[in-house]
Amino acid sequence: MRWAAALAAEIGSWSVSLKIGAGLMALIAVAGLLAPWIAPYDPYYQDFAAALLPPELAHPFGTDSLGRDIFSRVLHGIRVDLTIGLISTYVPMTYGVVLGAYAGYLGGGFDAVVMRVLDVAMAFPFLVLIIVIVAVLGPGVQNIYIAIFLVAWTMYARLARAEMMVERSKDYVTAARVLGFPMGRVIFRHGLPNVINSSIVFSASDFVLNILLVSGLSFLGLGIQPPIPEWGAMVAEGRDFIMQAWWISTLPGLAIVVTGTALSLIGDGLAQRLGERHHTFV
């Protein structure tokens, strides 16, 4: 089929880093989707007789202080962390890019207002601002989303605005205006496809940062609350046993590292691939 051949050709043109990152991320995602079927135990089941068991055949990642199987909890944690990472990355990206594109295209007073809001939001360190908002609202997934939605759009808006300011002076935008196309069509159909590449590349790195952010908040007790299997919370649960049961914190932490590495490779590969496409079309 044509689409299969086109897909194979596209994948064949990817860099090594993009292939490795995409393959590793696909394995992680599939493991998360199939977690209810491939996890050997219920992630919430407590067996105090099997507490603090080291990695063995029956428990590949060992057990925690409550006798819960860490391998099962890590597998189910994929769903939690990737879901939060996806939502907290691509929801702010969507309205951040749209707002930045409008500001870059329109200029004038609207652009000035957006830039002042961006300046205020970016005057505070991102992580500190997130922690303050979550601390005020209280721990939990919903409040994490609110905090990230309030702050994370700023970089996407700035990127899209800068790119659109360059694009609006090009001939194809001028031609679209002369032909009487509505502003929305000029921005979304003609301008936005040419300015979104930088945001897509940045989103891969932002995805990693959001997973680390949620894990860090959970470690501090401000994120996902026990007994939900979330990697950062699992690392925090094992810190009191780090000398006698290193696997409780180390193996969930290793899951964070592997996922972050995969996403970083994807980001590097996307930057190279989208750059090649841009030069080809130009």
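How many residues apart in helix 5 are Asp119 and Arg116? They are 3 residues apart in helix 5 (residues 108–122), so about one helical turn separates them. Before you select them, a word on the model: it is predicted, so local features need pLDDT of at least 70 and side-chain atom pairs count only at pLDDT 80 or more, while totals for chains, interfaces and linings use all residues. Residues are numbered from 1 along each chain as its sequence is written, and side-chain values use heavy atoms, leaving out hydrogens and water.

**Stop 1: Asp119 and its partners**

Select Asp119 and Arg116. These two form a salt bridge, with the closest N and O atoms 2.8 Å apart. (A salt bridge here is a side-chain nitrogen of Lys or Arg within 4 Å of a carboxyl oxygen of Asp or Glu. Helices are DSSP runs of H or I with at least four residues, strands are runs of E with at least two, and both are numbered from the N terminus.)

Buried or exposed? "Buried" means under 20% relative accessible area, "exposed" over 50%, and "partly exposed" in between, using a 1.4 Å probe and protein chains only. Asp119 is partly exposed at 33%, Arg116 is partly exposed at 47%, and Arg158 is partly exposed at 28%.

**Stop 2: Arg68 and Glu237**

The structure holds 6 salt bridges, so let's visit another one. Select Arg68 and Glu237, whose closest N and O atoms are 3.3 Å apart in a salt bridge. Arg68 lies in the loop between helix 3 (35–38) and helix 4 (70–106), and Glu237 in helix 12 (residues 231–237), so the pair ties together parts that are 169 residues apart in sequence. Arg68 is buried, with a relative accessible area of 5%, while Glu237 is partly exposed at 22%.

**Stop 3: a cavity**

Helix 4 and helix 12 each supply at least two of the lining residues.

**Stop 4: a nonpolar patch**

Last, select Val128, Val132, Val136, Leu137, Ile146 and Leu150. They form a nonpolar patch on the surface, with about 530 Å² of accessible area together. (Patch residues have over 30% relative accessible area and no salt bridge, and nonpolar side chains, meaning Val, Leu, Ile, Met, Phe, Trp and Tyr, are joined within 5 Å. Accessible areas come from the Shrake-Rupley method with a 1.4 Å probe.)

Helix 6 (126–137) and helix 7 (141–151) are the elements giving two or more residues to the patch. The largest share, 4 residues, comes from helix 6. Finish on Val128, which is found in helix 6 and is partly exposed at 47%.

Note on methods: Patches are made of residues with over 30% relative accessible area and no salt bridge: like charges are joined within 9 Å, nonpolar side chains (Val, Leu, Ile, Met, Phe, Trp, Tyr) within 5 Å.
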